[in-house]
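Subject: Structure handover

Hello,

Here is the structure we spoke about. Please open it alongside this note, which goes through what was found.

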Amino acid sequence: MFSSRLVTSRSRLFENVTTTQVMLPMQRLSRYSSSSIAHSPSLEQTLERWRKNGSRLYARRMIEVAAASAALHVQRVRMQEAAKDMPTQWVDWERKDWTDALMRSMGGNSLQRFWVAARRLASLAALASPLVLLAPFSVVSTKAQNLSWDYALWGIEQAGPTFIKLIQWATTRQDMFSQEFCLHFGKLRDETRGHSWKETCQILASEYGDDFDSWLQLEELVGSGCVAQVYKGRLLQPVNLYPQGTEIALKVQHPNIWQKVCVDFYILDKVAHFLESLPYLNLEYLSLRDTAQQFCNIMLPQLDLREEEAHLKRFNQDFATDEKVSFPEPIMATRKALLETYLHGSPILTYVNAPLEKRKELAKLGCSTTLKMIFLNDFVHGDLHPGNILVQDTGKFLKLCILDCGLVIEMGPDQHENVVQVLGAFARKNGRLAGQLMVDKASKRQASDLDVELFVEGIERICVEDEDNNFVEKVGDYIADICYLACKHKVKLEPSFVNAALAVEIMEGYSVVRFMSLTEACFVSAVFTHS
């Protein structure tokens, strides 16, 4: 309809233009020809033919311009509508709360839960006590110092998945922790202590039946993580449309880890509640308890491998049109075992000394992938340490293979919109807008108007002082400063903002070499599209 009206208006314009701009020159030329060559009708006919042809060409040009203008308008409208589209998974979206499952595993009453928590604290204290004894000797003896590091590594593995996960993240942040710390505990990113082959067979028999070895051949142990260990193998029979001989990766959960993780989060919740209740520290405004609850809700699903199967399906759907990013395809899953396709590739850390152009390409690809997860899909891989990222060199481009998708961050429609607006304001260096949004979007406000204004001015001052720095490179510094201002001025931070900021911060540890300036345009583009 728009195109028809536009063509009609252009046609009317053409009639006027033809009369004023085309007829007048032709009339002058006609008078000239009549006076000078009065007896040459063939020339008059030629001039008339030229006039008509010129009119037709002009009309055709106007129609082409009108059609192009209409097509451009339609494309612009489609792009605006696409920018407003929500992920299809937001339809009837509801956040799953794992609190009931956690409490059931802790016992039926407060006394039972207290007893379970006390035993867990006692076991953690027993693990930590040798370090207290070794600490004085580590100062004067290199041998004692090395022994302390080795025991600390072993103790964290024995403490369970919660502590391993935290240390894995910490070792990617060499700007926050010492090089010695990252070097010793960095082993946890690639390998943790696994369970025995006998325990694996027992789990597979309980999940798949005693005849699992008739259709599944396991060849070697690829690696062990904090939740499960992975075997490489192949199918001896077709399974769920995957033919015989398909290379597979089998993920088998470690025995008896559910209880450890549930008790850890129960204790963490109580500690956060205690810290928030202290009268003079103002820690309530950091949302410690809410953040711990969200961490629990994204950690516990990792202990059910059927949840990871659903995550893999979602990631494959979100990146179906991106030839530079791939995820394993799930074949079959139970609570304690996950069968998926095997992906080949080189560990991302092998590209530390790669040629400059390769490193630039890899950094840009990694950032664009993470930003797409955060801003476009609201489905973020929450465990992007280097051990979970492989790289394939196809010859034409580099391709990321992302593994271990059990831990994800999903905010939902309301929180996602809030977070995108706040991070978008930071990316545009608009500190006042970012501060105002953080206050307006807070679910609980106890700050006075003066505190609010001082908080907003503090956020604005952060952006002004860091004007020459890239927001993506300085997320860690931003979080520390924002938390300080929140405590000082009693502004409660939404845990979704902290989680999303930490998800962006993952890119700092993820990027083998920091070429964030190359991806700043991508970052701002993603923010503007959905803000």
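Met-332 stands opposite Leu-339 in strand β6. Across from Leu-339 there is also Leu-250. Strands here are DSSP runs of E with at least two residues, helices are runs of H or I with at least four, and both are numbered from the N terminus.

Before going on, some ground rules: this is a predicted model, where local features need pLDDT of at least 70 and side-chain atom pairs count only at pLDDT 80 or more, while totals for chains, interfaces and linings use all residues. Residues are numbered from 1 along each chain as its sequence is written, and side-chain values use heavy atoms, with hydrogens and water left out.

**The strands around β6**

Strand β6 covers residues 337-341. Two strands pair if DSSP finds at least two bridges between them. Strand β5 (residues 330-333) runs antiparallel to β6, with 3 bridges. A hairpin of 3 residues connects β5 to β6. Strand β3 (residues 247-253) also pairs with β6 in the antiparallel sense, over 5 bridges.

Is β6 covered or open? Mostly covered: 5 of its 5 residues are buried. Buried means under 20% relative accessible area, exposed means over 50%, and partly exposed lies in between (1.4 Å probe, protein chains only).

**Aromatic rings**

Rings of Phe, Tyr and Trp (its six-membered ring) pair if their centres lie within 6.5 Å; planes under 30 degrees apart are stacked, over 60 edge-to-face, and the rest tilted. That rule gives 8 aromatic pairs. One of them is Phe-319 with Phe-327, tilted, at 5.5 Å centre to centre and 45° between the planes. Phe-319 is buried because its relative accessibility is 4%. Phe-327 also has 4%, so it counts as buried. Ring pairs link Phe-315, Phe-319, Phe-327 and Phe-379 into a cluster.

**Charges over rings**

A charge sits over a ring if NZ of Lys or CZ of Arg is within 6 Å of the ring centre and within 35 degrees of the ring normal. Lys-372 has its charged end over the ring of Phe-319, 4.7 Å from the centre. Arg-335 does this over Trp-258, at 5.7 Å.

**Asp-264**

Asp-264 lies in helix α10 (residues 258-277). Its relative accessibility is 7%, so Asp-264 counts as buried. Its side chain makes a polar contact with the side chain of Thr-162, at 3.3 Å. Such a contact is a pair of N or O atoms within 3.5 Å; within protein, one must be able to donate a hydrogen and the other to accept it, and residues adjacent in sequence count only if both atoms are side-chain atoms.

Best wishes
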